[in-house]
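Welcome! Take a moment to look over the sequence and turn the model around before reading on.

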Amino acid sequence: MKKLIPGIVCSIVAVSSLLCAPTSALSLAPCPDDENKAECEARQEQLVKCWDKTTNLEECEKQLKTQVNQSQESSSIPATFVTELDDSEQSIGFWAGKSFLLAGNNLKSSTDVRNGLLLVAGNNLQLSGQSEYGFLFGNIIKFSGSTQRDLYIAGNGVTLTSDAKIGRDVFVASGELRIETDLPGDLSVTADRLVIDEGITINGNVNIDADTIVFGKDVTIGGKLVYNDSANVSGADQVAYGDVEIYHLQEVSAEAKLAAAFYSKFLSIAGLFLAMALILAVYSKLHAKIETEATPGRFGTNLAIGLGALIIVPVVAIFAMLTVVAAPLSIVALLVYGICVYLAQGFTGLWLGHIILEKLFKVKGNAFVEALLGIIILGLLALVPVIGVITGFVSLALGLGLIVNCVRPRKDDDRAAQKATKAKTSKAKAKAKTGKVVKK
């Protein structure tokens, strides 16, 4: 009996220590039946293992909290911008937050972008990953992936395979499009040839602008089927649809197209001239600065500066837009860039009119007349098929270079203007003296 007393006392002490253990947030109560149930059960299992080694429940909870904090501190925060290079496929990938941009020649990708945008550009695309939205641009595109929402595609030969799963609507512009999978939303297509395979179901509306449309057997369209009457359609009698609409595209004559082009060009010339007239009226020094730039040596410099501004400014602004701090500044920069692109041909027109009147014909011209003459010449050249593209690009780059050099203040320009003014004054005095001598 004496031998049993110590054991009984120890048992009582152990039971009392368990009953008197302090309660806490991590109790051993049944876990709630929700999405956090698995995490709760795992933590309770760790708590029980800790409790087996010690009788202090509060100490076990402290140890678990310390482990959780250490794991959170040790886990690295994923970078916002990450670049991935693949030498085997000669491709480059760029993560911008949760969105992924991929570019290359022959791309075979299964990258998952579950809550972001997937933007892919290349020659031959074979894609099987997941994304929220998909934007695909290429020559041959074979899409076997899935999107939570819409899919946008532009390519030559496009195929939505049977493995593809689209969350909502599909928008395609292509040479040939083949649909091999069911679609839950709308389908909007502009293509030379559209093929919808046998047994396909499209729950939404189908809007088609195509030369050739091929429907397989047992095709089901839940909404309205809309297509152009000039299309060569086969299998339409085997399609089940809610409603059908066949529209007519009226052809425009060549004379009407030419008249519309001249009218549009007249409006663009008038608008650009009014903008340049306002700038000349407000900025009186512009004509003098254009005069300093109208030299053979300055032509190449202005052209190079304009090409640099044309390429560098939007690239820098787009990258700045991806940051939080410089995003407002990048928006302002893009707006100013757009205005400068519009005014570039006006500056080039002023430059060209100045060269024609004062350099070529030696006529002292007015700044407004020079601007109008140059803008009209550039506008007429733009109507010529091949020459218009070349002159348009050159005038755009040259105009941007002129804007940069004419707007930014330069000491050399002020000195040159002063020298030109002094030279004109001295010539006028010399002529006046010569006239007096002749009279005597």
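Does tyrosine 241 count as buried, partly exposed or exposed? Tyrosine 241 counts as partly exposed, because its relative accessibility is 36% and the partly exposed class lies between under 20% (buried) and over 50% (exposed). Keep in mind that this is a predicted model. The protein chain has 440 residues, and buried residues make up 32% of them.

**The whole chain**
- If you count along the protein chain, you will find ten helices and 16 strands.
- The protein chain exposes about 26800 Å², and carbon and sulfur atoms supply 62% of that area.
- Take the contacts between residues at least 6 apart in sequence: 24% of these join residues at least 24 apart.

**Around tyrosine 241**
- Tyrosine 241 sits in strand β16, which covers residues 239-247.
- Setting aside residues up to four places away in sequence, tyrosine 241 touches Ile221, Gly223, Leu225 and Ala236.
- Tyrosine 241 and isoleucine 221 are 20 residues apart in sequence, yet their C-alpha atoms are 4.5 Å apart in space.

**Strands side by side**
- Strand β6 (residues 130-143) pairs with strand β8 (residues 151-160) in the parallel sense, over eight bridges.
- To see this pairing up close, find lysine 142, whose bridge partner in β8 is threonine 159.
- Strand β8 also pairs in the parallel sense with strand β10 (residues 170-179), over nine bridges.
- Here you can look for leucine 151, which stands opposite valine 170 in β10.

**A buried threonine**
- Threonine 348 belongs to helix α7, which runs over residues 327-360.
- Threonine 348 counts as buried because its relative accessibility is 4%, and buried means under 20%.
- A polar atom of the threonine 348 side chain lies 2.7 Å from the backbone oxygen of serine 395.
- Leaving out neighbours within four places in sequence, threonine 348 is in contact with Leu378, Ser395, Leu398, Gly399 and Leu402.

- Phe299, Leu307, Val386, Val389, Ile390, Phe393 and Val394 make a nonpolar surface patch of about 610 Å².
- Two elements each give two or more residues to the patch: α6 (296-321) and α9 (385-407).
- Helix α9 supplies the largest share of the patch, with five residues.
- Isoleucine 390 counts as exposed because its relative accessibility is 51%, and exposed means over 50%.

**Two residues with positive phi**
- As background, most residues other than glycine have a negative phi.
- Aspartate 218 is not a glycine, but its phi is positive, at about 60°.
- You will find aspartate 218 in the loop between β13 (206-215) and β14 (219-228), and it is exposed, with a relative accessible area of 56%.
- Lysine 362 is another residue other than glycine with a positive phi, near 55°.
- Lysine 362 lies in the loop between α7 and α8 (367-381), and it counts as exposed at 68% relative accessibility.

**Salt bridges**
- How many salt bridges are there in the count? The count comes to eight.
- One of them joins aspartate 112 and arginine 114, with the closest N and O atoms 3.7 Å apart.
- Aspartate 112 is partly exposed at 35% relative accessibility, and arginine 114 is partly exposed too, with a relative accessible area of 48%.
- Another salt bridge links the side chains of arginine 298 and glutamate 293, at 2.9 Å from N to O.
- In that pair, arginine 298 is partly exposed, with a relative accessible area of 21%, whereas glutamate 293 counts as buried at 1% relative accessibility.
- Lysine 364 forms a salt bridge with glutamate 358, and their closest N and O atoms are 4.0 Å apart.
- Lysine 364 counts as exposed at 60% relative accessibility, while glutamate 358 counts as buried at 16%.

**Apart in sequence**
- Leucine 380 lies in helix α8 and is partly exposed, with a relative accessible area of 47%.
- Leucine 380 and phenylalanine 262 are 118 residues apart along the chain, and their C-alpha atoms are separated by 8.9 Å.

Notes: Residues numbered from 1 in each chain as written. Predicted model: local features only at pLDDT ≥ 70, side-chain atom pairs only at ≥ 80, totals over all residues. Heavy atoms only, no water. Helix = DSSP H or I, 4+ residues; strand = E, 2+ residues; numbered from the N terminus. Buried < 20%, exposed > 50% of the residue type's maximum accessible area, 1.4 Å probe, protein only. Contact = heavy atoms within 4.5 Å. Areas by Shrake-Rupley, 256 points an atom, 1.4 Å probe, with all protein chains shown as cover. Polar contact = N/O pair within 3.5 Å; in protein donor to acceptor, adjacent residues only side chain to side chain. Patch = residues over 30% accessible without salt bridge, like charges linked within 9 Å, V, L, I, M, F, W, Y side chains within 5 Å. Pairing = 2+ DSSP bridges.
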